[in-house]
Amino acid sequence: MFDAVPPAETQPEEPVDPIGLFVTRPQDGEVTAGGNITFTAKVAGESLLKKPSMKWFKGKWMDLASKVGKHLQLHDTFHFLTSNMTFAGGYRCEVSSKDKFDSSNFNLIVNGKMNSCHLLSYSYFFSFLCSSTIPSGTQQLLDKHLKNRSEEGDGKSDSQPDVDVWEILRKAPPSEYEKIAFQYGITDLRGMLKRLKRIKKEEKKSTAFLKKLDPAYQVDKGQKIKLMVEVANPDADVKWLKNGQEIQVSGRYIFEAIGNKRILTINHCSLADDAAYECVVAEEKSFTELFVKEPPILITHPLEDQMVMVGERVEFECEVSEEGATVKWEKDGVELTREETFKYRFKKDGKKQYLIINESTKEDSGHYTVKTNGGVSVAELIVQEKKLEVYQSIADLTVKARDQAVFKCEVSDENVKGIWLKNGKEVVPDERIKISHIGRIHKLTIEDVTPGDEADYSFIPQGFAYNLSAKLQFLEVKIDFVPREEPPKIHLDCLGQSPDTIVVVAENKLRLDVPISGDPTPTVIWQKLLFESEGRVRVEKHEDHCVFIIEGAEKEDEGVYRVTVKNPVGEDKADITVKVIDVPDPPEAPKISNIGEDYCTVQWQPPTYDGGQPVLGYILERKKKKSYRWMRLNFDLLKELTYEAKRMIEGVVYEMRIYAVNSIGMSRPSPASQPFMPIAPPSEPTHFTVEDVSDTTVALKWRPPERIGAGGLDGYIVEYCKDGSSEWTPALPGLTERTTALIKDLVTGDKLYFRVKAINLAGESGAAIIKEPITVQEIMQRPKIWLPRHLRQTLVKKVGETINIMIPFQGKPRPKISWMKDGQTLDSKDVGIRNSNTDTILFIRKAELHHSGAYEVTLQIENMTDTVAITIQIIDKPGPPQNIKLADVWGFNVALEWTPPQDDGNAQILGYTVQKADKKTMEWYTVYDHYRRTNCVVSDLIMGNEYFFRVFSENLCGLSETAATTKNPAYIQKTGMDLQPVQGFLKVRLIYGTELRVLHPKIFWYKNKVDLSGDAKYRMFSKQGVLTLEIRKPTPFDGGFYTCKAVNERGEAEIECRLDVRGNQINIMDNINFAGKNQQ
């Protein structure tokens, strides 16, 4: 995007990067080996609080800070690197601060190689003044430093040759590492040694294995897996090792041998099978690693939200898919451990997992998370301080003898216990005095009241500073003399005034005692003014009073009741108003609005009936949709009809309900609200840039928002606006799910602003806007071919392989592309060529030798061109050598000569393989492989045998398919040895042998007539008819008579010798007896 930095005196004003932290990004560069090149990056720090950190990388991962030494030194301002061909490639510069990050890629091309050694430097500058030019002082310092370094390099180029520190470390013993580091200025020796260990050694071609084990295998837990190798010898025995220990056959481990294949089957893999395995054949080994993958642990029953009081026990419970699974517990994102003051206790019971807090505190409030490798569940814990509300206090009572007295109160917490006191002393229940606790209601019932029951009664809740008191008065019935013929009289305080009002709590018993008088005893009539009472209502009549009773008062029992007393003398009337009060009716279902990421607004209406008492406030509860546990959100009554609920989990479905509370108690819950999910719109898309512009189109690209949320992402909406206008027009029909967009059919020359928004269920995100208007006009771009590195060298392919070459390029408008081979236009029937806007591809389905040659690809835009050359070499197996002949035969030796093959397969001949075969068996044995000369001497041949010889040629493709074979056998002359039994002496060293003329006999060795087969001190060999006995570390005790015996179904033969071991000299003087017994 920016040109290379020019010299300081002619440097123009640097363009400001509209995206990221860079003011100036490092540009691509090209240098001759040993040359000097500078890469500069300048960072804008206007909004940064502190100096950002910068790192330089080569490729994807190599941090240049770890490569410091003689060839690279990193300082606060400059980075110096000795230039050679290995430094070519892609580089990356990364800048990061506390909350921002940016990176820039650039390429370095190193051409040729010079004798002198110069310096390649990387430099960067930090600017916190947001200036567009490099400060003059800094530039002068840079020029001066580069000049000094260049002069030092020129002065030392003749005396210090370029050395490869890697090669020196690879060959040096560990004791020399520190000395080498000091000598060559290596400051990160430990890092270099770590990377040195990871360098792969060249693997020798295996002679025992045709196909080895893969480097690693993976299997799911409980499944079976097969490890297979192919061996060269079908009769070879193999051993299987696990972590260095030999595996024995069992029900879980099964060994199979099918032809050349050797298979190890492991059934029902467990974590114990996660190990390193080896297959051993003779002295060769094949290694692999087996990784046993556990299936993901799912959470089948999630956690439930909980609300407790301080000091109460908290138990979170969830259920997972596997018994004894390992889970991780977190509180507000911090992992919980048993070591944390032993506060938390973890428990496993089959598939259930528990987190237990024995005594909760206010600090324990928060979000608790249980995590497995296959799921996450979150629940909220709210810990409130204990606070008790009294919904109904106890009331004073006046009762008569043998009546029942009931004291009742109601508190907010149904788990609170308490004690009853009489005149300050605890009440002890008995047959007459009963104490009950049902839910929130506490009762003290006294049957058959006596004068001794008159006292002050109190109820004290345990753990709270409350004292609910009331007084019990005993009513004495006094009998006075009543004169006869007295008219009836009702003795009420309100008589003659407005009706007296009696208040009773719904569902309680209403008992009205009305004193009356009259002689004779009057009759009593109770009436309700609106309608006659029936059912639950009854009247008890006595001489001096009457009792009006309503069992379980209801709202319908409200009204004015009239009592009438009559006798022959007269009558009297009184009106009593009864008012029934109750808890409010439940409110209607609350409504949810203004839903955000973790909050919402709850609204509701007052209940239609307040229970005859003013509504004191409301209690709000919530629960997860799939849960049965309701959690209270407030302990203080809500006075308003709206509430903002917070601390919810985004993406979880919730429901709300409401209670109304008056002086009598709490209503039934309202119906649950409609389910809702707290979600928030995503954040705005990031890295919104213009990718390409033509006369009628604009190509845009961006990255997804940093925060998407539980609502997911439905797509993006792209809009544009003309410069000077405020009206935004959709650029695409509907939403697009891609992070790129091509806006078509634009008017050439228009200046347009573009913006993009992310959309999900919660709505639109903020807009990412391109700050500067974009002019719709084609931008001419010079054609440039970016030749991949592997194509800068000769591309070698084998006959029959597929060739697929992709070459990227740039250029606008689209360049004209042409391919040439050896100066001629390519035949489209022979090769395939596909061109696009950004690359061109050469495709050959099946390579042939004639496809070799020099290819050229040329880009042309008007009068501007760019050309690169590619060399392709197609190789095949070579032909056999020519003119093989036996040059000479003497003693046990044969001299061979031949000439190189006529067809080298279009590749250099790397060597030859020479083999010999006994004329009797015609079994071929390799004498030499990778042999470079065209003549050789084959030694150690056996007297009296005839041998044929053949030679294969070899190149990169392998051995030739046929070999050049000698026409006539070479006969090894006998030197007077007679195979008949003879007497004589034979001098040998320690290893001796004899030729056997029987086919595949069994061989036995004896010392003093004792079989040596089971003795580890002796090793016995048989190769090409030569028998050898090897004695390890001979001592004088090894002296004696040794016998070699060969036996088959046709007969047997043996030979005997004597061995003398004297001091450091070993003398074998033997009387050799050779006996043969032939059977017909």
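Predicted model: local features only at pLDDT ≥ 70, side-chain atom pairs only at ≥ 80, totals over all residues.
1. Four strands, in the order S61-S63-S67-S66, make up an open sheet with antiparallel pairing. Strands here are DSSP runs of E with at least two residues, numbered from the N terminus, and two strands count as paired if DSSP finds at least two bridges between them. Strand S61 (781-785) and strand S66 (832-835) stand at the edges with a single partner strand each, so one side of each is left without a neighbour in the sheet. From one strand to the next, the twist averages 15°; the axes behind such angles are lines fitted to C-alpha atoms, and angles run from 0 to 180 degrees between N-to-C directions.

2. Residues are numbered from 1 along each chain as its sequence is written, and side-chain values use heavy atoms, with hydrogens and water left out.

3. Within the sheet of point 1, S66 pairs with strand S67 (residues 839-844) in the antiparallel sense over four bridges. Arginine 834 stands opposite isoleucine 841 in S67. Strands of a sheet pair through backbone hydrogen bonds, either parallel or antiparallel.

4. Another open sheet of four strands has the order S20-S22-S26-S25, and its pairing is antiparallel. Its edge strands are strand S20 (299-301) and S25, each of which pairs on one side only. The twist in this sheet averages 30° from one strand to the next.

5. Strand S26 (residues 352-357) has antiparallel partners in strand S25 (residues 344-349), over six bridges, and in strand S22 (residues 314-320), also over six bridges. Isoleucine 357 of S26 is the bridge partner of tyrosine 344, and valine 314 stands opposite isoleucine 357 as well. S25 and S26 form a hairpin with two residues between them, and glycine 350 in the turn has a positive phi of about 65°.

6. Strand S84 (residues 1040-1048) is joined by six bridges to strand S80 (residues 1002-1007), the two running antiparallel. S84 also pairs in the antiparallel sense with strand S85 (residues 1051-1062), over nine bridges, and a hairpin joins S84 to S85 through two residues. Valine 1047 in S84 faces lysine 1002, and the bridge partner of valine 1047 in S85 is glutamate 1052.

7. Proline 234 is found in the loop between strand S13 (225-231) and strand S14 (239-242). Its relative accessibility is 43%, so proline 234 counts as partly exposed; buried means under 20% relative accessible area, exposed over 50%, and partly exposed in between (1.4 Å probe, protein chains only). The C-alpha atoms of proline 234 and alanine 257 are separated by 8.7 Å, although these residues are 23 residues apart along the chain.

8. Valine 796 lies in strand S62 (residues 795-798) and is partly exposed, with a relative accessible area of 37%. Together, Val796, Leu910 and Leu956 make a nonpolar surface patch of about 240 Å².
Such patches consist of residues with over 30% relative accessible area and no salt bridge, like charges being joined within 9 Å and nonpolar side chains (Val, Leu, Ile, Met, Phe, Trp, Tyr) within 5 Å. A salt bridge is a side-chain nitrogen of Lys or Arg within 4 Å of a carboxyl oxygen of Asp or Glu, and accessible areas come from the Shrake-Rupley method with a 1.4 Å probe.

9. Cysteine 409 is buried at 0% relative accessible area, and cysteine 600 is buried at 0%. The count of disulfides (pairs of cysteine sulfur atoms within 2.5 Å) comes to zero.
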